[in-house]
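Let's take a friendly look at the pockets of this protein. Have the sequence and model open as you read.

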Amino acid sequence: MSEYELIASKGCGSAVIEMALALTGLPHTVTMIPFLAPGPGRERLLSLNPLGQVPTLILPDGAVMTESAAMVLHIHDVAPQAGLVPSGVERRAAFFNLLVVLVGAVYPTFTFGDEPEHFGLDGAAASTLRSESDARRMRIWRHMETLVAPEPYVLGSALTALDLYLAVMTAWRPGRSWFAEHCPKLFSAAEAATRVPAIAHVIERNS
Ligand SMILES: N[C@@H](CCC(=O)N[C@@H](CS)C(=O)NCC(=O)O)C(=O)O
């Protein structure tokens, strides 16, 4: 295989990696599967990634990556000209911190809140886990809002991978109108990213 294969699912975080690959122009294919539905797509996904999560990325040499932040850093190594990771020690410190907030703090609120039954909960316990994860996520977003000053992107004049995450995640619970009202800076960075044609194209394919 001489190109990347991204295993993706419509509307999922795999869109972040689709955007990163599109912006770099690295040769790739996107294999869209209904990632939670039993069937050959999920069987293959589970053979590559025991958590059954998307994105899962197969590199040209056959190696498999299962974490989006690691994929972003790798894609930047291969195609630094796209600027997915900023330069400059201070800007990189802010980038690393927010990248890990997105994947290590925000993303798990969906992992546990979206499908509480996967964690053995149902009824009132499931509803509580979902609502508490939603509340925790809103606290994280409100904190992140205090850390950015988009001009027009999260870290200033140049788009980075952080903007790709925002373009995707602001469409998820609590939704775009909540962001517009409570986190206008994050919302405006997401909007700016969606005006980049390659990103707009991926969003369209994922809607
Ligand atoms: N840590 C992963 C999280 C990926 C993730 O949670 N993806 C969701 C789809 S948007 C998923 O596969 N959820 C199913 C599950 O966690 O079982 C990353 O950042 O790549």
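## Between two domains

Domain 1 (4-82) and domain 2 (89-195) each supply residues to the lining of the largest pocket, so this pocket lies between them. The domain bounds come from an automatic or database domain assignment. A pocket here is an open set of points on a 1 Å grid over the protein atoms alone, where a 1.4 Å probe fits, with protein on both sides within 12 Å along at least five of seven lines; lining residues have an atom within 4 Å of a point.

This is a predicted model: local features need pLDDT of at least 70, side-chain atom pairs count only at pLDDT 80 or more, and totals for chains, interfaces and linings use all residues. Residues are numbered from 1 along each chain as its sequence is written, and side-chain values use heavy atoms, with hydrogens and water left out.

## The largest pocket

Its volume, the space filled by probe spheres set on the points, is about 750 Å³. Of the 25 lining residues, Phe-35, Gln-53, Tyr-107, Phe-110 and Thr-111 lie nearest the centre. Helix α4 (residues 89-114) gives the most to this lining, with 6 residues; helices are DSSP runs (H or I, at least four residues).

## The second largest pocket

The second largest pocket holds about 210 Å³ of space. Among its 14 lining residues, Ala-167, Val-168, Ala-171, Ile-203 and Asn-206 are the closest to its centre. Two or more residues each come from α1 (14-24), α6 (161-169) and α9 (197-206), and α9 gives the most, with 3. Domain 1 (4-82) and domain 2 (89-195) each provide at least three residues to this lining.
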